[in-house]
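Please look over the sequence and the model shown below before reading on.

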Amino acid sequence: LEIAMSVLEYEGSNFLRQRLILSTLSGKPVKIKKIRSSDENPGLHEFEANLLSLLDRLTNGTKIDISVTGTTLLYRPGILIGGTLDHDCNLERSIGYYLEVIICLAPFCKQAVSCTLTGITNDHADPTVDFLKGTNLPLMKLFGVGDDLELKINKRGASPGGGGEIYFHCPRVNKLRTLNFTEPGKVKNIRGVAYATRVSPQMPNRLVTSARGVLNGFIPDIYINTDHLKGAQSGKSPGFGIYLEARSTKDVILSAECNSLPKSENASVDPEELGKRAACALLEEIHSGGCVGSSSQYLAALFMALGEQDVGKVLFGPLTPYTIEFLRHIRDFLQVTFKLEAKTYSGDQMGQNIGSSKVLLTCVGVGFSNMSKTIR
Amino acid sequence: MDTDAPAKAHRVRRAGRKAEKRQKNSEDADTKQRNPKAFAIQSTNKLNRAFRRAQDVKARKHHIPVVDRTPQEPPPIVVAIVGPPKVGKTTLLNGILKNYTRQKVSEIKGPVTLVSGKHRRLTLIECNNDLTSMIDIAKVADLILLMIDASFGFEMETFEFLNICQVHGFPKVMGILTHLDSFKQQKTLKKTKKALKHRFWTELYQGAKLFYLSGMVFGEYQRTEVRNLCRFISVMKFRPLTWRSTHSYVFADRMEDITDPETLRVEPTCNRNISIYGYVRGTHLKPSTAVHIPGAGDYRLHNVSFLHDPCPLPDRGDKKQRRSLDVRERVMYAPMSGVGGIVYDKDAVYIDVDGSNNTAESQQQNVPETILKSSIIDSSKTIDSKMEESKVSLFTGDEPLSTEQAESMINMKMPEEEVVHQEDGRVRRRAVFHDNDGDGREDSGIDDSDDEDSDESDDEFYPQDEAQDADNQDEEMDMETETIEQEDEDSDEDVVEGSGLNWKIDLREKAEKAFIERQSSSVNLQRLVYGAVQEEEEESGEEGEEELRGGLFKVTSNEDETDKKRKRNNRECSRDLSKMIRDWIDDHEARESITDCFVTGNWGEGEDAKTLLDQDDEIYGDFEDLETGDVVKGNDSKTTNQNEDEKEDEIFDAHESKKDRESRMREKRMERKRKLKEAFDRNYDVDKIGGASGGGESTLFDNVKRELNEQARLNREEFENMDETTRVQYEGFRPGMYVRLELRGIPAEMVQQFEPHYPLIVGGVSSTEENMGFLRTRVKRHRWYKRILKTRDPLIVSIGWRRYQTLPMYYMEDHNLRQRMLKYTPEHMHCWALFYGPITPQGTGFLAVQSISGATPDFRISATGTVLESDCSTQLVKKLKLVGYPYKIYRNTCFIKGMFNSPLEVAKFEGASIRSVSGIRGHVKKAITNGGKEQGPSGAFRAMFEDKLLMSDVVFCRTWYPVQVPKMYIVVSNLMINKKDSWQAMKTVGQLRFEQNLKVPVNEDSLYKPIVRPEGRQFSSLVIPRALQKELPFKSKPKYLRGKNQTKHDKLMKKAVVREPKDRQIAALMNALRTMDKNKKQTKKLERKKQMAEHKKLLEKQVVKDQWRHKEAKKKIYKALAKSEKKKSKVSEE
């Protein structure tokens, strides 16, 4: 083209995924400089290179230029093609780190994405696959991403060894639905799953008991599945954890989770403690409230911005730093500015104890359509 | 589209013709009642069919519902007057202008905007007869007045234009027949009208509107006719077109050159900065989007600002409902024609004194004026923007702030950190040259965070609503992320048990509370997220200071490293790890704060179970149980409510006056009534809300429509009461706004050669559409185009906003979706085409022309099509046959040479299927290498066949060779030249050959030559073994036909037939009969023979008899003769 495509420039390795996601969707090239330039281990790390290779396979015509030192990255996105792919995720991060990227991009591919990812399914830092399955997938469905959206956990693998495997299938969409979701409703029940790999089968039960102990004081309708895996399905490392979700009368899902640390960290946690912590985290999440959980805020914001050229409204809890950065990036890439309104208690909810103040996000979508889709 | 005022109620006629008619009709209805049998259901099938038909008819009327995105004040409707030359376009335009504005314009250049009604404005433009103009007009016009000279009939341009319209979304088209006064005879006029109308209908749709302008009066069209036409225009309804409703565009009505006059003086042909004015149309225009100007190319908007509307709709605040427009409200705005007088700019108002100054000629004269304008524009920003900036700079962190607060804060914070960093820094500086020392840093990291926590406690003292503070807080929160992560890695128990770090948790909790509190006010939130970003400036400063030592290695000074810098390289995680988790087990205050988040907690006033029950009682109230006859009283909620109210009233009485009380009571009553009504509507009146057809249950269609209406309402109301600048920030520039677009780096020719007659469009494109790729399209050569199209011949494509020349490659899809290249487009079929160009949404229509310059009597549009897919690579292939010759033949194994050049090539084709000319199939086995037993030339290989080859055989390998689609993309920049209709495109090879009088090069190999067979070759006949013959199907079995000298018995196969007894009897009987018959025939024959012989004998006898009789008769005669002669002689003698 006659005008040089304006390259957006950023610095530092943080928020790499946000930049890559938005760059791929908007088609704007991005240049990231000074990636850990003054670190002992400078440049892109193994897991980030792994992410780039995943993106390369998900797209066609993507040009990735990494400087010799690895501290500068120039990413020129191509067209999202999707299709079937298998990917070995790096063991430095869990599958969730990669799957979050795929989830954002998959609806806009040329072909429906069905991918098999192997690596760590559950670790203590990134959102686990249970979390993404329980929270982000229902959120995508609200935005009109088809019915055959599927996430299957074939094998679980705890950190550091990994060995887990998941299957993710996402249909392609042409346009996203505009969402007006401002009524969080009331929490009606709590569901969840407690899992353990390569440890005593008692562990999940102990997790459930302790979590219930905390939550029973608030609501009686609690049902937590236990999932103890053996043999080939249990990956390579011992580990356990619990994922809890609170469902509201208006189908809002707020969730929290807690996972054991890898064995090498020399910090043994007893499951009772972990269960309690997960329950507390869930209550904290309920306290934050809103229609979207704190770890899925970015996804809701992205899909709102990509929606049709209508006004969409979603009630969030307090914004997390990650979401704030994402909103800034959305403004850079998609030129969508959100209207942020603080919602304190008012009207009917006057005098109710419903946790912290909420944030109402309003935006006009860009009318993003799936450009790579084929018609016959 | 228009917000209609509530229609006046219909008044029913009580007397006269209509009343009588109604009376009669109602009587007819009575007949149905009188004679119900005649109208009873006769046949269920018939009824079924009738019902289905009715439903079909109903469903066919539905359009797919779309969200109505038209803004409150829609942009003017673009009405284009199109037609061949000398058809009366300018006359009509003048007539319309005169009809609306009562003004006469001497010379019209470019678009004219005027107010046509209380809710509608029009932008009128005349389209000249140039192909590019027609294409541009078809892209922006909402309504097209297609003028046709009736005395001449349709011209090629009309059909071309209709085809152009078709691919670009088909705006509304209204035909206008002119020159009707040239017909002298009424009959021919009538006939011509009818013929033209029907042709027009086949081109558009049956019943398309065709207007007749009967003739001219004093060089103008008749006023009544023009007025009728204008009425049609003003009631016309439009359906949104896909491309335009997804792209923003500006149809420019003014363009100014705002280049710095000094640079212009130094270099007159320098790239210009221009500003373009017009209404935003389509969708919201975002600032700094990429735009395409058809005829000029792609640019990026440098600046967009909205201006005062130069042609506003009449003020709706006016209470008086007037039917017609005031004279003052009939505004006309045509800056390029010099009409409208006042020109608004970003920060000034110009009053045009001497008309137009836009033409290329007058450009030079008006330089001083331009200088004035541009200097104003360049030097000053709006006061608003200045104010904003000043605010921003006030809160920017890295500037030394004047406020004491900020200064003290920085002073308190920085030194502590610097100490830490200095230690840290030295270690690090060494680390650049030697090994890294990670541990030290890790430790210090933790120290760092401790320091920071104490900092935060200090921060608490500062006023929290300042953006600066908020931003810092934000960053510090991120620092926390790091800290907690480290803690997490150390031990998880710390967080919860926290025996030793209790004080710290408390601090963090405070910090978090503060962070969340900041989010409790909307202003702060907005600033927290989108507020001043100061990082970049700081960074650039630091980079400058970096010094180079030893050439290769850079010395980085860690002393400068701030929190932000470290935050930049933090571990990325979507989960907020910094989040403090309270102790929900023992902290009662915390537990209390979320009790109502659960269904078990208190519900809101309106949704409380008790209130809902009460409400139900109010609605359903008292009812009588019909079975038992009991009357159930609703529990006296009303009365109790009233009682309560009264009680309340008593309480309030003391404080307020009677009037206040009454108003309060009224409000309360109204509220209650509203709620009751809502509840009633929910239960009964579902259909009415969505405006669905009355009666019956709501259908899917109605539901969708209702949802979309709701969405449209939300779109309208969400930003309604906001001030324009903030609104623009959220929405972008909404359609209907009058904007000024600033573009930089426009070639000088664009300004120098500017021609207001040519439409200037600024079309916004999304960021994806800026990228280049290959477009896969379905294309069909236009049936009126004289030639077929050749692959890789340049073609000018008009697609979306763009118009460019590219090299399409045509192909057909095989049954297995293989894309097989075609050399030419098929004559009457669709085919596919691949070409290089900007990525375009699928489903976009396009048209292709070979050339836009030069006049040709033929149809100029060569092809039309749609985009199917955009991609970054292609799968186009063509067939390639590799040929080889056997040089050694065993039984089924065979060695072949000449197909490949090296063993490597063979290796690539291992397993590929090959075939001989005689049809023997086989496949490639392995290349011949030097070490092997078998020798051969390089590239020879061993192959296996299903049968033995002959040395004379030729072996083929059929392969598919990928064809590259050439990456050529040339924007048609016809606005840059003087003669805009003669832009010279890249020529086709054929055209060049024709011009230079060159012959088509002939490849000798491609010519057919007589087949020369080697002498003396004997082809022995094919022998099929008997065993194989048995296996073969009948079709393939050799057929032996009877030769000439073979008897029937030789050929027929002898079969032993064993008959059934009955058959045998029959056969015996038949045989006997046959024998008897035979015998009979035999005897008959013999008899006949005998008879014949007898008859013969008889005949012979007869013959003998006859002969004898003849003899006797002769004898007698001769005797007599002799006697008489004797007598005579005697007499003579005597």
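The model is predicted. Chain A and chain B bury about 10000 Å² between them, and the count of salt bridges over all chains comes to 53.

**A sheet in chain A**
- Four strands of chain A form an open sheet with mixed pairing, in the order S1-S2-S5-S4.
- Its edge strands are S1 (8-11) and S4 (63-66) of chain A, each of which pairs on one side only.
- From one strand to the next, the twist averages 15°.
- S4(A) pairs with strand S5 (residues 73-76) of chain A in the antiparallel sense, over four bridges; Asp65(A) stands opposite Leu74(A) in S5(A).
- Helix H1 (residues 16-26) of chain A lies across S1, S2 (30-33) and S5 of chain A, and runs at about 30° to S5(A).
- Glu9(A) forms a salt bridge with Lys33(A), with the closest N and O atoms 3.1 Å apart. Glu9(A) lies in strand S1 and Lys33(A) in strand S2 of chain A, so the pair ties together parts that are 24 residues apart in sequence.
- Glu9(A) counts as partly exposed at 44% relative accessibility, and Lys33(A) counts as partly exposed at 25%.

**Chain B as a whole**
- Chain B has 33 helices and 34 strands.
- Of the 1134 residues in chain B, 40% are buried.
- Chain B exposes about 69800 Å², of which carbon and sulfur atoms supply 53%.

**The interface of chain A and chain B**
- In chain A, 114 residues are in contact with 114 residues of chain B.
- Carbon and sulfur atoms carry 51% of the area buried between the two chains.
- The interface holds 11 salt bridges.
- Glu257(A) forms a salt bridge with Arg575(B), the closest N and O atoms being 2.3 Å apart.
- Lys339(A) forms a salt bridge with Glu718(B), at 2.9 Å between the closest N and O atoms. Lys339(A) lies in strand S17 (residues 339-343) of chain A and Glu718(B) in helix H26 (residues 700-718) of chain B, so the pair joins two chains.
- Lys339(A) counts as buried at 9% relative accessibility, and Glu718(B) counts as buried at 13%.

**Further salt bridges**
- Lys786(B) and Asp858(B) meet through their side chains in a salt bridge (3.1 Å, N to O).
- Lys786(B) counts as exposed at 62% relative accessibility, whereas Asp858(B) counts as partly exposed at 30%.
- A network of salt bridges links Lys110(A), Arg376(A), Arg776(B), Glu813(B), Glu869(B) and Asp871(B).

Technical notes
Residues are numbered from 1 along each chain as its sequence is written. Chains are lettered from A and ligands numbered from 1 in the order in which they are written. This is a predicted model: local features need pLDDT of at least 70, side-chain atom pairs count only at pLDDT 80 or more; totals for chains, interfaces and linings use all residues. Side-chain values use heavy atoms; hydrogens and water are left out. Two strands pair if DSSP finds at least two bridges between them. Axes are lines fitted to C-alpha atoms, for helices over the stretch in contact, and angles run from 0 to 180 degrees between N-to-C directions. Contact means heavy atoms within 4.5 Å. Buried means under 20% relative accessible area, exposed over 50%, partly exposed in between (1.4 Å probe, protein chains only). Accessible areas come from the Shrake-Rupley method with a 1.4 Å probe; for residues, only the protein chains shown count as cover. Buried area is the accessible area (1.4 Å probe) that two parts lose on being put together, summed over both. A salt bridge is a side-chain nitrogen of Lys or Arg within 4 Å of a carboxyl oxygen of Asp or Glu.
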